[in-house]
Amino acid sequence: FEEVFHEFDRLDRLMTTWRNDSDVQRVNAAAGDHPVPVAPEVREVLHLAREASELTEGKFDITFGALADIWKFDQDQDNTIPDEPAIAGRLPFIDYRKVEVDDAVGTAYIARKGMRIHLGGIGKGYAVDRAVAILHKRGLNDFIIQAGGDMYAGGLKGDRPWRLAIRDPRGPEDKIFAAIDLSNGTFSTSGDYERAFLADGVRYHHILDPATGQPARGCRSVTLVTARAVFADALAKGVFILGARKGLALIERLPDVEGVIVSDMNEVLVSSGLKDRVTLLTPPTDAP
C-alpha cells in the first residue's frame with residue numbers, strides 16, 4: 001500500500017499544474033518556444049490523451065488548460081462566471097493537435113505560445129492503472145482502488161463480485177440510483193455536481209466544452225465500465241461533453257466500453273452490454 005501511495009505522489013509531482021517544476025508546467029512554460037524533456041509516464045499519458053481526443057471528436061482536450069484561470073473549480077473556486085469576451089479570447093488556444101511528443105529524444109512540445117495542457121481529466125485514471133499493476137505484482141487480487149470518481153474493482157469481495165453504486169447527480173451525497181456488480185474492471189463517473197455552483201438557477205461545473213469554453217450541458221453524469229482506468233477517466237469526460245445520445249452511440253461503437261448516462265433531461269441511458277448487469281434502484285432526482 002505504501003508503494004502505491006508513493007507512486008501516486010511521484011506521478012502527481014510530474015503531472016500537476018500546482019508546481020512550477022512539474023513536467024507539465026515546464027512544458028506549458030516553453031509553449032511555442034522549444035521542446036522539453038519529460039518523463040516516459042508523461043509522454044505515455046500525452047499519447048493516451050491524443051487517442052481519447054480523436055475518439056471523442058476533440059471533446060476531450062487536455063489543452064483546455066487555456067481556460068483554467070478564468071473558470072475556477074479547483075482549490076481556487078470562487079463561483080465567478082467569466083464574461084463572454086474573456087472566454088472567446090481563450091478558445092483559439094485550445095487544440096490538442098498542437099501537442100507534439102517525440103519519444104526518440106524524450107520530449108514534449110506545445111506548438112503555439114500561450115497554450116497550456118492540463119492532465120486533470122486523465123491523470124487520476126493513469127495513476128489508478130499504475131496502482132493496480134503494483135498490487136498485482138505483489139500478489140494481491142481482491143481489492144478496490146478509488147481516486148475521486150475513478151475506481152478499479154479487483155477480484156472478488158468474499159465469494160462474489162464487488163457491488164458498486166452510481167450516485168444520484170441531483171440527490172444528497174449519500175443517495176444512489178443504480179448499482180452494478182463488477183470484478184476486474186474500472187468504474188469511472190464524471191458528473192456536473194462535484195465541482196459546481198448554481199447562479200440564477202443555472203448550474204456551472206468543471207467539465208468544459210472546448211468548442212464553447214462553457215460547461216457542457218448534455219449530461220448530468222456519465223459512468224463508464226472499461227478494462228483500463230485511464231480510458232474510463234478520459235472517455236467519461238468526452239462522452240459527457242458529446243451529450244447523452246452521441247455519447248451513448250460512441251460507447252456502443254467502442255470495444256470493451258460500457259456506460260450509464262443520466263442526460264440533461266434526467267433520462268437514464270444504459271449501453272447494451274450493461275442492460276443485464278445494472279440494477280436501477282430509483283429514478284434520479286429531477287432538479288436544476
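Buried residues account for 54% of the 288 residues in the protein chain, which is a predicted model. Seven helices and 14 strands make up the secondary structure of the protein chain. The radius of gyration is 19 Å, close to the 19 Å that the globule rule gives for 288 residues, so the protein chain is as compact as a globular protein of that length. Along the principal axes, the C-alpha atoms of the chain fill a box of roughly 55 × 50 × 35 Å. Among contacts between residues at least 6 apart in sequence, 62% join residues at least 24 apart.

Just after α3, E57 takes a positive phi of about 60°.

The second largest pocket has a volume of about 180 Å³. Of the 14 residues that line this pocket, R170, D192, R203, R217 and D264 are the closest to its centre. Strands β10 (202-205) and β11 (219-226) each supply at least two residues of the lining, and the largest share, three residues, comes from β10. The table gives the make-up of the lining by class.

| Class in the lining of the second largest pocket | Number |
|---|---|
| Nonpolar | six residues |
| Polar | two residues |

Methods. Residues numbered from 1 in each chain as written. Predicted model: local features only at pLDDT ≥ 70, side-chain atom pairs only at ≥ 80, totals over all residues. Heavy atoms only, no water. 1 Å grid on protein atoms, 1.4 Å probe; cavity = no way out; pocket = protein on both sides within 12 Å on 5 of 7 lines; lining within 4 Å. Points joined across faces, edges and corners; volume = space filled by probe spheres on them. Helix = DSSP H or I, 4+ residues; strand = E, 2+ residues; numbered from the N terminus. Nonpolar A, V, L, I, M, F, W, Y, C, P; charged D, E, K, R; others polar. Rg over C-alpha atoms; globule rule 2.2 N^0.38 Å. Buried < 20%, exposed > 50% of the residue type's maximum accessible area, 1.4 Å probe, protein only. Contact = heavy atoms within 4.5 Å.
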